[in-house]
Amino acid sequence: MKKVDIYITVRLKSKRLPRKAVVEVAGQTILEHIIDRAKQIKHAKNIVVCTSTNEEDTPLLEYAQKKGVPFFRGSENNVVARFLGAAELFKPDICVRITGDNCLFSPEFIDYGIEQHIKNGVDYTTTKQMAGGGKGDIFSYDALVRLNKLMQDENASEYLSWLFADDKHFKVQWLDVEESLKRPQYRLHCDTPDDLKFIKEVYANLYDGKSIVDYKRMIAFLDAHPEIVEINKNIIQVSKDQVKNTINLELK
């Protein structure tokens, strides 16, 4: 069996929702909820909190230690270099990136994605069909090494999913999910004050303080409560066209 590591990429430098990873929701920080969800991924060997060497990010280590997971500190701006540093330490065959503002992602989808990634021998596995913030990025270590060599601008590394989706350079797998989960219009990120308000509503209604919020149950709940979906429905996620005006997203 291939060795799979979960890398939670997280920093405290955020503009729209300052220090969002350590904001408390239902008795825990966002980061702690993410770690709890990552622990439900059956195919994962390690869960690693990947942050930067910037002193500002030191408080994040306390939460990793509290939850009993290792951490890695690396490049502040180059996420790919940070992951490579962690990979040199933990030696995975496959990596899964979960970002530090996605505290409602589906562990079940990630397990399914890992299985399909291994079965089909691809470089990158994801889906376009689930809610924003509902999935992770699954990629092979070898593909990560290649991406590092192909990148022309280290600032592009933050947009890892766009880079790996380049099928001229990588073998990309877009997965289908069951109809009950196909909600690309829903937004599960926690990146703005309205997102936080949405997240708090979800946790207030579905979190029992013991088990993680079940993804399928959450989607059914949101289907039944469109007024909660409306809370952050109008938040515009940054587009590739906007980013490419200031960051070189082209690969060599």
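This is a predicted model: local features need pLDDT of at least 70, side-chain atom pairs count only at pLDDT 80 or more; totals for chains, interfaces and linings use all residues.
**View 1. Helix α1 is mostly covered**. Buried means under 20% relative accessible area, with a 1.4 Å probe and protein chains only. The buried residues are Ile30, Leu31, Glu32, His33, Ile34, Ile35, Asp36, Arg37 and Ala38. Helices are DSSP runs (H or I) of at least four residues, strands are E runs of at least two, and both are numbered from the N terminus.

**View 2. Helix α1 packs with α2**. Their axes lie 10 Å apart at an angle of about 35°. Axes are lines fitted to C-alpha atoms over the stretch in contact, and angles run from 0 to 180 degrees between N-to-C directions. The crossing is right-handed, meaning that the near helix is turned clockwise from the far one by less than a right angle. Leu31, Glu32 and Ile35 of α1 meet Leu60, Tyr63, Ala64 and Lys66 of α2. Contact means heavy atoms within 4.5 Å.

**View 3. Strands β4 and β5 pair in the parallel sense**. Strand β4 covers residues 46-52, and its pairing with β5 has 4 bridges. Pairing takes at least two DSSP bridges. Threonine 51 has arginine 73 of β5 as its bridge partner. From β4 the chain passes through helix α2 (residues 59-66) to β5, in a right-handed β-α-β crossover.

**View 4. Side chains alternate along β5**. In this strand, residues 71-74, Phe72 and Gly74 point to one face and are buried.

Residues are numbered from 1 along each chain as its sequence is written, and side-chain values use heavy atoms, without hydrogens and water. Local features need pLDDT of at least 70, side-chain atom pairs count only at pLDDT 80 or more, and totals for chains, interfaces and linings use all residues.

Key:
Buried means under 20% relative accessible area, exposed over 50%, partly exposed in between (1.4 Å probe, protein chains only). A crossover is right-handed if, with the strands pointing away from the viewer, the path from the first strand over the helix to the second runs clockwise.
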